[in-house]
Amino acid sequence: MGIERSDNDLMMAYVKGDESAFGLLFGRYSPKLNTFLHFRLGAKKRHLIEEVYQKTWLKIHSGRKSFDPSKNFSTWFYTVALNTLRDEVGSLHERSHHEEIKDHTPDQTPTSEELYITKEDFKRVEALFKYLTEDQKTALLLSDQEEMSSKEVAEVMSISDASVRQLASRARKIIRSHFLAKEET
Amino acid sequence: MSLINQNPNEADVHDKVLEAIRGALREEKEPKLKRIIKVLGATTLVSILFGLPFLISFRNQLTWVWTLALSFWVIYFAIGFSFIFKPQPRLMISGVWSPFVVARLFLVSTLTTIAQIIICPSFVFFDSPLGWNPLLPLTDSLMSMGGMNLCMGFCGFLFAVVAASLGIRSVYRVAKATSLKSNIVIFSILLVAQIPVILVQVLSEDLRPYSPIWIFGMILGFFVVLGSKLGWNKLSA
């Protein structure tokens, strides 16, 4: 059995024009991107999901030669995806949620209530995403669903590591409290 | 692994994107000479299909100005096809003006303009080779109502509406974005496509006095089409 090629290897081959490498990379990241956009935008915005999905891949293709092989491919990929999403839905909305973070105390240690939401639970709590801000959704999805480190997520979102942990922690808390409230009724 | 069940539409979109980018990668590997041959071939074919009827119909009436316009058109076809055949993912996405999409709008509106002149030669003071001009009754009505000014203004308007409508229709999925940038792009492409016609008017003694009113009608026609597109987008949203 062959050794699975890393994302970075596939990306470098794709940059050189390797169709099969692109096919493999697409196979890995297409469902992830679809899931990310689905949770981020909401299932009802199917048309917008499709547009952002297509535009993200177009930008990946047109910007592939600018990929820095010393960086993590998934970080670069989600940075492109998030920027495309922001361009599509309006950066003003995103910026207003960035400013919210600055008022909070940094470096809050997550409590037992703020433990990761498992991938299986994501589907169950999809409806509760409406209670989250855009940044909270992004931080939660990339941290828990994509299992990226807070440092990687910080790079994607262009915010600090501490802000990412805070956003994700708060998002988990909100989801859990609404989930429990729902269970009780 | 995907956490969501993919519906058939999403699967179509994914396949389209995959194939489009794969296609672009394959095209990049093609020798440049092959691409040049494709561009020249397409340019020659379209020039013959549209240029020959034009030349044959009006051969005794063409001045040096028309030779210039025909040269412009051939250059336009070459530029348009070089954009069409440039290696790229061929995806029609709202608001994304790739070379392929720009060329499509440009070529369709240019070809529509040429076709209109062949059908309505009185616009350029040509006598119809068929001895029959379907728009002559309209021309006569406009002349009786407002003389050459009304006739030329309406002509510019009609030419613009037909060229813009068919052009936008050919790239509708991209053009439906209602952003200011998208509409500026469309307007600019349509305007450039009309340059040979404007050149003919400005350089012809007979047509020159009426060129400003024709251009005004043309711009009005573009605004009407773009405005209708905006209204249609809002209604269907």
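Predicted model: local features only at pLDDT ≥ 70, side-chain atom pairs only at ≥ 80, totals over all residues.
Local features require pLDDT of at least 70 and side-chain atom pairs pLDDT 80 or more, whereas totals for chains, interfaces and linings use all residues. Residues are numbered from 1 along each chain as its sequence is written, chains are lettered from A in the order in which they are written, and side-chain values use heavy atoms, without hydrogens and water.

At the interface, 26 residues of chain B are in contact with 28 residues of chain A, contact being heavy atoms within 4.5 Å. The buried area, that is, the accessible area (1.4 Å probe) lost by two parts on being put together and summed over both, is about 2,600 Å². Carbon and sulfur atoms give 65% of this area. Two salt bridges are found across the interface, a salt bridge being a side-chain nitrogen of Lys or Arg within 4 Å of a carboxyl oxygen of Asp or Glu. Glu19(A) and Arg26(B) are joined by a salt bridge with an N to O distance of 2.9 Å. On the side of chain B that touches chain A, 13 residues are nonpolar, six polar and seven charged.

Glu19(A) and Arg26(B) also belong to a salt-bridge network with Glu19(B) and Arg22(B). The closest N and O atoms of Glu19(B) and Arg22(B) are 3.6 Å apart. These two residues lie three residues apart in helix H1 of chain B, about one turn of the helix; helices are DSSP runs (H or I) of at least four residues, numbered from the N terminus.

The largest nonpolar core has 61 residues, of which Trp57(A) and Phe129(A) touch the most other members. Such a core is a set of buried Ala, Val, Leu, Ile, Met, Phe, Trp, Tyr and Cys residues joined through side-chain atoms within 4.5 Å. Buried means under 20% relative accessible area, exposed over 50%, and partly exposed in between (1.4 Å probe, protein chains only). H2(A) supplies the largest share of this core, ten residues. Apart from this core lies another, of 51 residues, including Met148(B) and Phe187(B).

Over all chains, the structure holds 18 salt bridges. In one of them, Glu4(A) pairs with Arg28(A) at 3.9 Å between the closest N and O atoms. Glu4(A) is exposed, at 66% relative accessible area, and Arg28(A) is partly exposed, at 22%. Glu51(A) and Lys55(A) also form a salt bridge, and both residues are buried.

Conventions:
Nonpolar A, V, L, I, M, F, W, Y, C, P; charged D, E, K, R; others polar.
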